[in-house]
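Q: Hi! Could you walk me through how some helices and aromatic rings are arranged in this one?
A: Happy to, let's look at it together.

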Amino acid sequence: MKITVTGATGHLGRHVIAALLEQVPAERVAAVVRGREKAADLAARGVEVRVADYDEPATLADAFRAGERVLFVSGNAVGRRVPQHRAVVDAAAAARVGLLAYTGILGGPKADFLLGDEHKATEQLVLDSGLPYVFLRNGWYHEVHTDQLATVLDHGAVLGSAGAGRIASAARADYAAAAAAVLTGEGHEGRAYELSGDTAWSFPEYAAEVARQSGARVGYRDLPPAEHRQVLLGAGLPEAMADMLVDVDAAVSRGLLAGTSGELSRLIGRPTTPLADAVAAGLATVSATGRP
């Protein structure tokens, strides 16, 4: 029985493939990707590569096989994901896959902010399909913030509008390990896992950790939402993305990303990666790119 991962050359997908290859032979793993060239390293390791695009439903007809377990990694084209995801679910249903695991968002139906809308719609598509399913409701990734450390250090500030709200984030590798555990394990069908880090943190605490490790003067600057939006627009973000990020901070301020259910650490059999470790890795990357 194959285990198939969509979006397999993306940030999360690559971590999932790596986690799977630690547990099962490469010939049991299939990677669904948009471009075969980006998956050349996976093919060299014996992973079957299938080419398909969420935006081209016809290409998805050969993405899945009957009976196999599929990790459906959500797309990143915010605003276009419902039709994209419908095409994936339809293809999986037509192929009669044995299990469809979808990477949604922490809170599921209770995620009453803009970023949650497309995930909630997708979960309903999966339910309506009648396929055996698992919902992996991922919380925030450490890397969403630590990938921006060069900018934080340049400006000496973490900017946001979340107030004292807290985030229970974890590393992408943690969420990938959970997905691999579900795909290779038993007894997960019909479950919805609320996945998050073991410890929630605030932006002032994050800024203090960056300052501690870097030796730079870094603080958190809490902005009114309208001003936060203008800063994001000034940085070149599209209006829809700026609105979404400000809305996420509003959700953080309401405690919607602070839940610490412990389900992620239970699935992976170890504590989740501490934020401090992610900061250290991020700073190492900044240093390696030649920042003074």
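A: H3 and H4 are roughly parallel to each other, a label for angles under 35 degrees, with over 145 counting as roughly antiparallel, 65 to 115 as roughly perpendicular and the rest as oblique. This is a predicted model, where local features need pLDDT of at least 70 and side-chain atom pairs count only at pLDDT 80 or more, while totals for chains, interfaces and linings use all residues. Residues are numbered from 1 along each chain as its sequence is written, and side-chain values use heavy atoms, leaving out hydrogens and water.

Q: At what angle do the axes of H3 and H4 cross?
A: Roughly 20°, and the axes of helix H3 (residues 81-95) and helix H4 (residues 114-129) come within 10 Å. Axes here are lines fitted to C-alpha atoms, for helices over the stretch in contact, and angles run from 0 to 180 degrees between N-to-C directions.

Q: Which residues in H3 and H4 meet?
A: From H3 there are Arg81, Val82, His85, Arg86, Val89 and Ala93, and from H4 Leu115, Glu118, His119, Ala121, Thr122, Leu125, Val126 and Ser129; contact means heavy atoms within 4.5 Å. The residues of this contact of H3 with H4 divide into 7 nonpolar, 4 polar and 3 charged. Ala, Val, Leu, Ile, Met, Phe, Trp, Tyr, Cys and Pro count as nonpolar, Asp, Glu, Lys and Arg as charged, and the others, Gly among them, as polar.

Q: Nice. How do H9 and H10 pack?
A: Helix H9 (residues 225-234) and helix H10 (residues 239-253) pack at about 140°, with axes 9 Å apart. H9 and H10 are therefore oblique to each other. On the H9 side the contact is made by Pro225, His228, Arg229, Leu232 and Leu233, and on the H10 side by Glu239, Ala242, Asp243, Leu245, Val246 and Asp249.

Q: Switching to rings: how many aromatic pairs are there?
A: The count comes to 7 aromatic pairs. Rings of Phe, Tyr and Trp (its six-membered ring) pair if their centres lie within 6.5 Å; planes under 30 degrees apart count as stacked, over 60 as edge-to-face and the rest as tilted. The rings of Tyr141 and Tyr175 have centres 5.2 Å apart and planes at 65°, so that pair is edge-to-face.

Q: Are Tyr141 and Tyr175 buried or exposed?
A: Both are buried, meaning under 20% relative accessible area, with exposed over 50% and partly exposed in between (1.4 Å probe, protein chains only).

Q: And which residues form an aromatic cluster?
A: Trp201, Phe203, Tyr206 and Tyr220 form one.

Notes. Helix = DSSP H or I, 4+ residues; strand = E, 2+ residues; numbered from the N terminus.
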